[in-house]
Amino acid sequence: MPKIKYFFQQSWLLIISSFCFGLLIAITNAAWSPRIVQNKIDKLNRLMGGLLPKAHNFQLQTELEIESAKGKKVKSTIYKALSDAGECVGLAFNTSGPGFADRIELVVAVDDNFQNFAGYAVLASNETPGFGDQIKLPYYRNQFIAAPAAKLELVKTGNAEKIDPEIVAITGATVSSEAVLEIINNSITQIKDQMLKKGLISNDK
Amino acid sequence: MTNEPQATSVLYKQTLIAGLWRENPVFRLLLGMCPTLAVTAAVKPALTMGLSVIFVLFCSNIVVSLMRNLLKPHLRILMFTLTISTFVTIADLFLKAFQPRMSEILGPYVPLIIVNCIIICRAEACASKNPLLTSIIDAIGMGIGFTLTLCVLAGIREILSTGAVWEIPILPAAFVPWTAMRMPVGAFLTLGLLLGLVNAITKRKA
């Protein structure tokens with residue numbers, strides 16, 4: 001009993017402060033989270049629009065659950081990109097996985113028959129500024145445009161301008177380059193398989 | 001007795017201006033080097049970082065000053081960190097909600113304010129030992145000093161790396177941008193030169 005009394009004598013301020021500060025953060029988060037979520041949706045739409053410039057609007061197609069390389073379940077939302085005439089001009093989905101510093105969230109776009117990549121964009125990442133955050137730059141991103149929508153391979157040297165399944169890593173940011181490739185490789189195969197099973201895309205195209 | 005309010009007023013004034021020059025956190029105390037080097041490639045993110053630090057410093061100094069008589073010596077750093085992290089989280093949420101572009105540019109450097117030495121230093125050196133008003137004035141002085149320093153550094157780097165300030169072009173089109181100024185080397189170079197300049201001015205004054 002005296003030990004408990006001593007414990008509270010020493011730490012009552014810490015306990016009360018933790019409770020008050022936690023409450024303050026919870027209230028702030030509750031007040032601003034709808035706006036933060038809306039900002040994320042706007043950004044996703046903007047990025048998808050950049051990857052599929054022919055798209056006029058994006059229609060939610062389905063939500064799938066995929067397994068990351070480390071066995072963690074990740075939810076991926078698939079959007080159908082529709083042109084002015086209402087034709088499907090591609091598909092885009094969000095995915096994520098571990099990066100060098102923190103989780104990397106990506107939006108990946110493929111053509112309408114899931115044959116080639118239309119590119120990827122970074123939705124959120126905390127990769128090292130000046131090094132790992134180069135995954136956002138055109139040098140690395142452009143290598144994915146028109147590459148076959150299948151497993152890609154990371155190489156340290158090669159021709160970055162050639163459209164092939166070989167992606168040349170960013171110098172000084174191999175871990176981040178690998179992380180992006182692993183996220184894309186992992187999600188593209190699983191999403192393609194699940195969409196084929198659901199009949200959302202067909203094999204014959 | 002009649003001189004007491006005047007002395008207090010002088011003390012407040014000295015506390016306020018200390019952060020601007022005599023005890024400038026960056027140029028004189030060499031504190032908060034991480035954001036100083038990392039977010040000063042342009043004026044907009046530097047100003048956002050400065051304002052975030054002012055907010056956190058202001059709020060944490062108020063809380064620490066109010067609870068200074070209740071603080072247990074061995075738990076004080078824990079209390080400072082808890083207080084600072086609360087306000088940093090609020091600042092981070094605010095930027096994500098109302099300034100998403102800036103939040104994206106600043107990235108991990110906003111949450112890193114939690115371990116910014118300036119804030120812990122002011123909590124320990126000033127707020128935990130002084131009454132509320134002195135702590136508030138100290139926070140404002142130090143915060144403005146830090147923000148101005150970041151903006152000066154960012155202004156120089158932005159002009160030389162893009163020919164513009166606040167994204168408004170000010171140098172002639174013929175100007176060849178110094179790309180290196182946007183990179184870490186530019187931050188170290190500019191900071192080093194400014195520190196040398198401040199030292200030279202201080203020595204001349206002395």
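Predicted model: local features only at pLDDT ≥ 70, side-chain atom pairs only at ≥ 80, totals over all residues.
Helix 6 of chain B covers residues 117–127, and its axis comes within 10 Å of the axis of helix 3 of chain B, with a crossing angle of roughly 30°. Because angles under 35 degrees count as roughly parallel, helix 3 of chain B is described as roughly parallel to helix 6 of chain B. By class, the contact between these two helices of chain B has nine nonpolar, three polar and one charged residues. On the side of helix 3 of chain B, the residues taking part are B:V53, B:V56, B:L57, B:S60, B:N61, B:V64 and B:S65. Helix 6 of chain B meets them with B:I118, B:I119, B:R122, B:A123, B:C126 and B:A127.

Helix 3 of chain B, residues 43–66, is also where confidence in chain B is highest, at a mean pLDDT of 96. The lowest confidence in this chain falls in helix 1 of chain B (residues 4–18), with a mean of 85. Taken as a whole, chain B averages a pLDDT of 91, and 99% of its residues score at least 70.

Chain A brings a sheet into view. Five strands of chain A form an open sheet in the order 1-2-3-4-5, paired in antiparallel fashion. Strand 1 (57–67) and strand 5 (117–124) of chain A each have a single partner strand, so these two edge strands are left with one side lacking a neighbour in the sheet. On average, and with direction ignored, neighbouring strands are turned by 20° against each other. Strand 5 of chain A runs antiparallel to strand 4 of chain A (residues 103–110), and six bridges join the two. A:V107, for instance, has A:A121 in strand 5 of chain A as its bridge partner.

Two helices of chain A accompany this sheet. Helix 1 of chain A, residues 2–51, packs on the sheet and touches strands 1, 2, 3, 4 and 5 of chain A; its direction makes about 155° with that of strand 5 of chain A. Helix 3 of chain A (residues 174–198) lies across strands 1, 2, 3, 4 and 5 of chain A as well, running at about 130° to strand 3 of chain A.

Finally, the two chains meet through 19 residues from chain B and 17 residues from chain A. Helix 4 of chain B (residues 76–98) supplies the largest share of chain B's side, nine residues. That side of chain B has 14 nonpolar, three polar and two charged residues. For the complex, the predictor gives an ipTM of 0.87 and a pTM of 0.80.

Methods:
Residues numbered from 1 in each chain as written. Chains lettered and ligands numbered in written order. Contact = placed C-beta atoms within 7 Å. Helix = DSSP H or I, 4+ residues; strand = E, 2+ residues; numbered from the N terminus. Nonpolar A, V, L, I, M, F, W, Y, C, P; charged D, E, K, R; others polar. pLDDT = per-residue confidence, 0-100. Axes fitted to C-alpha atoms, helices over the stretch in contact; angles between N-to-C directions. Parallel < 35°, antiparallel > 145°, perpendicular 65-115°, else oblique. Pairing = 2+ DSSP bridges.
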